[in-house]
Amino acid sequence: MALHLLEDWCKGMNINPRNCILVTGVPEAFDEGAIEPILRVSTEYLSKCKMRGRMFVREEGAFAVLCELPSAVEPLQVPGTIAVEDGEWTVITTGSQPSPVPASDVAFLKKMSAFLGKEGKTLADMPGLLGLDPGVPQRESAPSPDEWVKALGQALEKVMPPHPESSPYRKLRLFSGGPTPIPGEEAFEPWLEHTTEMLQEWAVPDAEKRRRLVECLRGPALDVIRTLKLSNPGVKVKDCLEALDHAFGRTEGSDDVYCKFLNARQQKGEKVSAYIQRLEKLLQRAIMRGAVAVGQMDRTRLAQIVRGIQYQNPILLHLRLRERQDNPPSYSQLIKEVREEEERQAAGEVWEVQPHQKSDA
């Protein structure tokens, strides 16, 4: 029925149904103006879709929405469902008609299409890639089907990220921002520090990070994000944290925060790794206050480390940090290298002390 509705609707509006998608299951109370922005941020492929109208479907008790794309829709690039805060919407295309192809094969083709897209290829290139094209010389011994399945599976595992729900994760700590703390709630500053670190580590889409952030909020803090989402349903996690910082954080200006970052120096007896971790907290606050651009984060961090580390520190020399400022490492790579170098130097010191102890004996 949904496919017929898509075709009939397009015919009535004199537009090409192959360029359109039909989104069903949109609640009656849902704000009409928020539908198109949600579709555009759901996936890059729908970023240029334009809402052409909506219609109430009595049988479903919900609205159906017609959207048009600039060119013919590629069904494999369109998600079957779009997750929203109160459920999910179903997406119908002219390529959604019933097919005898098993669901597992359809899922495989979608993964294969995504993999080939990253390599600049399409499914139409597969015959040539597999040596089945008459213009491509045949291999002397073709690989067996099992070998193909194993090779393709390994390739897909490298390029296809795991589904968010299949990846276990620790829940974020609770925060309400209310006058009376709820059980298990901590102060805003430590909560923000922990939450920012956790969100950076999770390799999931921004929309999933936002959902997990909302899960841990209560009271006034949750109201801040709800208000933010009313004006921008696809608001980024970075903007959510920034809004919470403005509402509950210290009232510091961007200049004050950046000044603290620039004045941070390695203290006497402090490990380089501990200094970098302390500096990172100041850098994150500077980013949230708009004093440092996200794109300049790695370069700004390394420049301050070079300035702030004690002069002629062996780690500064061994890791050639000064020479790497034009191509700075990420935080995770940098802290890994520094800690490994600290362990190596500590092991060397132990090795030097032991022979002296034996000779004294």
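Strands E1 (residues 20-26) and E5 (residues 87-92) pair in the antiparallel sense over three bridges, where pairing requires at least two bridges found by DSSP between two strands. Strands (E, at least two residues) and helices (H or I, at least four) are DSSP runs numbered from the N terminus. The model is predicted, so that local features need pLDDT of at least 70 and side-chain atom pairs count only at pLDDT 80 or more, while totals for chains, interfaces and linings use all residues. Residues are numbered from 1 along each chain as its sequence is written, and side-chain values use heavy atoms, with hydrogens and water left out.

Six of the seven residues of E1 are buried (under 20% relative accessible area, with exposed over 50% and partly exposed in between; 1.4 Å probe, protein chains only).

The largest nonpolar core has 23 residues; such a core is a set of buried Ala, Val, Leu, Ile, Met, Phe, Trp, Tyr and Cys residues joined through side-chain atoms within 4.5 Å. Ile276, Ile305, Ile309, Leu321 and Val338 touch the most other members. Helix H11 (272-288) gives the largest share, seven residues. Apart from neighbours within four places in sequence, Leu321 is in contact with Leu302, Ile305, Val306, Ile309, Leu316 and Leu334 (heavy atoms within 4.5 Å). A second, separate core of 21 residues includes Trp191, Cys216, Leu222 and Cys240.
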